[in-house]
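Open the model in a viewer and keep the selection tool at hand. The tour below goes from stop to stop, saying what to select and what is there.

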Amino acid sequence: MATIEDPQLLAGAANQLATRFAKQDPSSAAQWARSLEQADARTRAINEVVQTWTRQSPEEAQGWIETLSYEDSLSAGPEFVNSLAEQDATAAADWLDLQVDSSNYQQLLQKFAQGATRSDPILALNYGNELEDKNARSRTVGRALWTLYKQDKSSARNWIQSNELPERVARYVDKMLED
């Protein structure tokens with residue numbers, strides 16, 4: 001990789017290598033990713049290691065994230081919470097609740113809700129409905145609500161009646177509930 005001069009090509013190569021390396025030895029892959037000098041390559045490799053390691057051992061991945069520099073942790077945190085939410089939305093929500101003062105809390109919130117949509121759509125809805133960006137909130141709530149509706153129409157109806165919907169989502173709810 002040292003001979004790759006194109007930053008985009010280097011970042012792509014780092015991402016691919018990190019994926020394979022982390023599946024075999026996440027701890028060593030983490031050390032390697034952190035040692036990369038080119039910022040984009042390091043970020044992509046760290047994010048890939050975090051995703052893979054979280055699927056294998058969330059506690060170890062979390063411990064490693066806590067050792068990262070502030071800048072590296074800003075990009076790794078959202079990947080961690082997304083991967084953890086796919087597996088265990090409650091544990092991910094507990095971790096997210098500790099991050100409320102983080103400068104990237106809104107990004108963490110969005111990635112959590114995206115990850116939790118399949119594993120716990122009600123939790124995804126509750127957190128996703130807190131997003132400040134109207135477009136992100138609409139997309140996130142819309143996806144989670146549709147997932148919940150497909151799984152449990154009664155719970156979806158109850159959630160709709162008990163919560164304020166983003167304007168864009170509210171326009172489609174009537175069509176969805178006609179079913």
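Start by selecting arginine 42 and aspartate 72, and show their side chains: they meet in a salt bridge, with N to O at 3.2 Å. The model is a predicted one. Color the helices that hold the two residues: arginine 42 sits in helix α3 (residues 39–56) and aspartate 72 in helix α5 (residues 70–87). The two residues are 30 residues apart, and the pair links distant parts of the chain.

How many salt bridges does a search of the whole structure find? The search finds two.

For the other pair, select glutamate 79 and lysine 111, whose closest N and O atoms are 3.7 Å apart in a salt bridge. Glutamate 79 belongs to helix α5, while lysine 111 lies in helix α7 (residues 105–119). Is glutamate 79 buried or exposed? Its relative accessibility is 14%, so glutamate 79 counts as buried. Lysine 111 has 21% relative accessibility and therefore counts as partly exposed.

Next, select residues 121–128, which form helix α8, and residues 134–151, which form helix α9. The axes of α8 and α9 come within 9 Å and cross at roughly 160°. An angle over 145 degrees counts as roughly antiparallel, so α8 and α9 are roughly antiparallel to each other. The crossing in which α8 passes α9 is left-handed.

Now show the side of each helix that makes this contact. On α8, select Pro121, Ile122, Ala124, Leu125 and Gly128. On α9, select Arg137, Thr140, Val141, Ala144, Leu145, Thr147, Leu148 and Gln151. Colored by class, the contact of α8 with α9 shows eight nonpolar, four polar and one charged residues.

Finally, zoom out to the whole protein chain. Its secondary structure comes to eleven helices and zero strands. The C-alpha trace spans about 60 × 30 × 30 Å along its principal axes. Of the 179 residues in the chain, 47% are buried. Among contacts with a separation of 6 or more, 56% are between residues 24 or more positions apart.

Key. Residues are numbered from 1 along each chain as its sequence is written. This is a predicted model: local features need pLDDT of at least 70, side-chain atom pairs count only at pLDDT 80 or more; totals for chains, interfaces and linings use all residues. Side-chain values use heavy atoms; hydrogens and water are left out. Axes are lines fitted to C-alpha atoms, for helices over the stretch in contact, and angles run from 0 to 180 degrees between N-to-C directions. Helices (H or I, at least four residues) and strands (E, at least two) are DSSP runs, numbered from the N terminus. Angles under 35 degrees count as roughly parallel, over 145 as roughly antiparallel, 65 to 115 as roughly perpendicular and the rest as oblique. A crossing is left-handed if the near helix is turned anticlockwise from the far one by less than a right angle, and right-handed if clockwise. Contact means heavy atoms within 4.5 Å. Ala, Val, Leu, Ile, Met, Phe, Trp, Tyr, Cys and Pro count as nonpolar, Asp, Glu, Lys and Arg as charged, and the others, Gly among them, as polar. A salt bridge is a side-chain nitrogen of Lys or Arg within 4 Å of a carboxyl oxygen of Asp or Glu. Buried means under 20% relative accessible area, exposed over 50%, partly exposed in between (1.4 Å probe, protein chains only).
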